[in-house]
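Here's a quick briefing to read alongside the model. Have the sequence and the 3D view open as you go.

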Amino acid sequence: MGSNASSFNAGVRAVLDALRRIVQVLRTSGTDTERRLNVSAAQLFALQQLAIFPGLSINELAARTFTHQSSVSVVVQRLVDRKLAAKVASKKDRRRVRLAITDAGRAVLRRAPQPAQERLIAGIASLKPADRQALVETLTTIARTMAPTTAAPPMLFEEHVRKRTRSQK
């Protein structure tokens, strides 16, 4: 095997190893969160943001979680259904809805570990702007090759939880 092929193989393996480590941490964290708290990792992350930034709108929560509004809406509705969060009318404009964490939601957070998404965001944020942009372009190209869709992706591991939950019924 030539040195170019060897270098290519080593590069592909290094990228896949890094992705495997990231996915493993996210999956392990998500599974542990589900088992210990009976909420998904996405729900925990949203709850945490609501605790830190009370009164967010759905759009503001989407921005805080770096997620599309439609994906956050699904997660929030699950939190509301479980009475871990509530939708309340804005005091300034009764037509606008704000989100509030409930006492039950705060109780979940007191028992919760740091969401893995926080560590992932911190790692991305620590990159130099040029490196972050290169990562965006590279991962976007790979994602389009794997799943050429324009649909908004769900919050991390939220889709997995929903499918599993349905099959458990």
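Let's start with a salt bridge: arginine 20 pairs with aspartate 17, with the closest N and O atoms 2.7 Å apart (a salt bridge is a side-chain nitrogen of Lys or Arg within 4 Å of a carboxyl oxygen of Asp or Glu). This is a predicted model, where local features need pLDDT of at least 70, side-chain atom pairs count only at pLDDT 80 or more, and totals for chains, interfaces and linings use all residues. Residues are numbered from 1 along each chain as its sequence is written, and side-chain values use heavy atoms, leaving out hydrogens and water.

- Arginine 20 and aspartate 17 sit 3 residues apart in helix H1, about one turn of the helix.
- Aspartate 17 also forms a salt bridge with arginine 13, at 3.4 Å between the closest N and O atoms; these two are separated by about one helical turn because they are 4 residues apart in helix H1.
- That links Arg13, Asp17 and Arg20 in a network of salt bridges.
- Arginine 13 counts as exposed at 57% relative accessibility, while aspartate 17 at 25% and arginine 20 at 49% are partly exposed (buried means under 20% relative accessible area, exposed over 50%, partly exposed in between, with a 1.4 Å probe and protein chains only).
- Further along H1, aspartate 32 and arginine 36 meet in a salt bridge (3.2 Å, N to O), again 4 residues apart and about one turn of the helix.
- The count for the model comes to 6 salt bridges.

**Overall layout**
- The chain has 8 helices and 2 strands, in the order α-α-α-α-β-β-α-α-α-α (helices are DSSP runs of H or I with at least four residues, strands are runs of E with at least two, and both are numbered from the N terminus).
- Of its 169 residues, 27% count as buried.
- Among contacts with a separation of 6 or more, 59% are between residues 24 or more positions apart (contact means heavy atoms within 4.5 Å).

**The nonpolar core**
- Which residues of the 22-residue largest nonpolar core touch the most other members? They are Leu50, Leu61, Val72 and Leu79 (a nonpolar core is a set of buried Ala, Val, Leu, Ile, Met, Phe, Trp, Tyr and Cys residues joined through side-chain atoms within 4.5 Å).
- H2, H3, H4 and strand E2 (97-101) each give two or more residues to this core, and H2 has the largest share, with 6.
- Setting aside neighbours within four places in sequence, leucine 61 is in contact with Ala46, Gln49, Leu50, Leu56, Val72, Val76 and Leu99.

**The surface patch**
- A nonpolar patch on the surface has about 930 Å² of accessible area, and its residues include Phe8, Leu19, Ile124 and Met146 (its members have over 30% relative accessible area and no salt bridge, with Val, Leu, Ile, Met, Phe, Trp and Tyr side chains joined within 5 Å; areas come from the Shrake-Rupley method with a 1.4 Å probe, and for residues only the protein chains shown count as cover).
- Helix H1 (3-37) and helix H7 (129-146) each supply at least two of the patch residues, with the largest share, 6 residues, coming from H1.
- Phenylalanine 8 counts as exposed, at 56% relative accessibility.

**Positive phi in the loops**
- Most residues other than glycine have a negative phi.
- Asparagine 38 has a positive phi near 60°, and is in the loop between H1 and helix H2 (41-52).
- Phenylalanine 66, at about 55°, is in the loop between helix H3 (58-64) and helix H4 (69-81), and counts as exposed at 63% relative accessibility.

Key. Patch = residues over 30% accessible without salt bridge, like charges linked within 9 Å, V, L, I, M, F, W, Y side chains within 5 Å.
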